[in-house]
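Dear colleague,

Please find below the structure for your review. My notes on its contents follow directly after it.

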Amino acid sequence: MPQRFCLLVSLLLLCFPARAQWALGAKNSLDKVYNARLYLQYTAPSDRQKNFLADVRFRPKGTYRIFLRKEVPLTTSQSTIFTIPVSLPPDDYEIDVDILDRDLDTHVSLGLEEPFAVHSSSEVQISDVFLSYQDSSRKAFAEPILSRAIAQGVENLFYYLEIAAPGYENLTVRAVLYKDQGHRESAYTQAYQSIYQSNQIIHPGEGSNRIFRDLLPVANLEEGEYLLDIRIYDDDEPLESEGIRFEIGGNIRKQIFSQLDESIRMMEYTVPVSILETLLRFPDEKVKAVEFMDVWKELYGENAEKMMEDYFRKVYQANERFKEDRDGWQTDRGKIFIQYGEPRVRPLTINGKEYERWTYGKWSLSFLFEKRNHRYVLVE
């Protein structure tokens, strides 16, 4: 990066510091004390020690009543995953997490896209499926993959399942990997194509829970959405089942650099416009690509590529979901989605007009959009 431009980027980024990135996940477990685990993944923009306070609230689906609330202090100087164990009765829960940065006095609000279903107890119990890059159960249960996006080129994943079946000597665990064929309205067998299957015999016996682990080869998988379906059988009788969906990426980076000028313009929610204008003035496309990547490295250091792909993945989702009379990333709903993530949406009708209320938590992250001639305009 030329010295003058590097200096410009550095000075401007002092005024627009890189933001910490958070992700939220939840899993059922078979712990004797806690039956669920909440995961908060923090991607650090620097190695400076940070102090946070997480305000976690569990509400039964469709209600405003808080069933469980926990305030948890979090301290770290690096990217990490925090685990918060909880005990909840069987139900579907909406989870809100507000994270206060105690050093900067700022906050972010997180929520799950879908309600979290806590399993009911039965003769045979299984946890949620844990996908992980880790080949040991201890690390896998502490560091599950929270994002649905798996980069193309990853050689292997591991999947884990906790199983409690004290009344059975032998059970069959059948894992089938399906590829989504893009026909969601079709029957199950038509919507998915089976591409991999594994059958193993386990011996639950008495005593502690059994942890089932297996390797999932993904190196040669095409781009697209996949479903890993795991079923437990006693001979041919199905007992329990769990599944997990994930996506194999690969086209994100190609798409970013194939239309580089447009990608630069799409960065306006991340860096000042003056930096984008400077990038756009580079006449040589190869030089422009290097400068473009250097801006992300200035922002996120060693996490630059992941953060870049995560950002543009949201941009492309916004284009698909919120297109109006302009590209989805430029619409009011698209702008909020890219900056704050998946909202909790509540349709409203007020005085005959249609609205959408987007909320992200109890602190001022609430937005009201009014529908006007096929457009949603931010009004509050």
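Are Tyr-226 and Phe-246 buried or exposed? Both Tyr-226 and Phe-246 are buried, where buried means under 20% relative accessible area, exposed over 50% and partly exposed in between, with a 1.4 Å probe and protein chains only.

Before the remaining findings, two remarks on the basis of the values. This is a predicted model, in which local features need pLDDT of at least 70 and side-chain atom pairs count only at pLDDT 80 or more, while totals for chains, interfaces and linings use all residues. Residues are numbered from 1 along each chain as its sequence is written, and side-chain values use heavy atoms, with hydrogens and water left out.

Aromatic pairs

Rings of Phe, Tyr and Trp (its six-membered ring) pair if their centres lie within 6.5 Å; planes under 30 degrees apart count as stacked, over 60 as edge-to-face and the rest as tilted. By this rule there are 23 aromatic pairs. One of them joins Phe-130 and Phe-141, whose ring centres are 4.5 Å apart with planes at 70°, so the pair is edge-to-face. Phe-130 belongs to strand β10 (residues 130-132) and Phe-141 to helix α2 (residues 137-142), so the pair ties together parts that are eleven residues apart in sequence. Helices (H or I, at least four residues) and strands (E, at least two) are DSSP runs, numbered from the N terminus. Both Phe-130 and Phe-141 are buried.

For Tyr-226 and Phe-246, the ring centres are 5.8 Å apart and the planes stand at 15°, so this pair is stacked. Tyr-226 in strand β16 (residues 224-234) and Phe-246 in strand β17 (residues 237-248) are 20 residues apart, and their pair links distant parts of the chain.

Charges over rings

A charge sits over a ring if NZ of Lys or CZ of Arg is within 6 Å of the ring centre and within 35 degrees of the ring normal. Lys-27 lies over the face of Phe-130, 5.3 Å from the ring centre. The charged end of Arg-174 sits over the ring of Tyr-233, at 4.7 Å from its centre.

Helix packing

Helices α6 (residues 273-280) and α7 (residues 285-300) pack at an angle of about 160°, and their axes are 9 Å apart. Axes are lines fitted to C-alpha atoms, for helices over the stretch in contact, and angles run from 0 to 180 degrees between N-to-C directions. The two helices α6 and α7 are therefore roughly antiparallel (over 145 degrees). Ile-275, Leu-279 and Leu-280 in α6 meet Lys-288, Glu-291, Phe-292 and Val-295 in α7, with contact meaning heavy atoms within 4.5 Å.

The open sheet

Four strands form an open sheet in the order β18-β19-β20-β21, with antiparallel pairing; two strands pair if DSSP finds at least two bridges between them. β18 and β21 stand at the edges with a single partner strand each, so one side of each is left without a neighbour in the sheet. The twist averages 30° from one strand to the next. Four bridges join β20 to β21, and Lys-371 stands opposite Tyr-376 in β21. Helix α9 (residues 332-340) lies across β19, β20 and β21, running at about 155° to β20.

Two loop residues also deserve mention. Asn-351, in the loop between β18 (344-350) and β19 (353-359), has a positive phi near 50° and is exposed at 78% relative accessible area. His-374, in the loop between β20 (366-372) and β21 (375-378), has a positive phi of about 70° although it is not a glycine, and His-374 is exposed at 70% relative accessibility.

With kind regards

Terms used. Angles under 35 degrees count as roughly parallel, over 145 as roughly antiparallel, 65 to 115 as roughly perpendicular and the rest as oblique.
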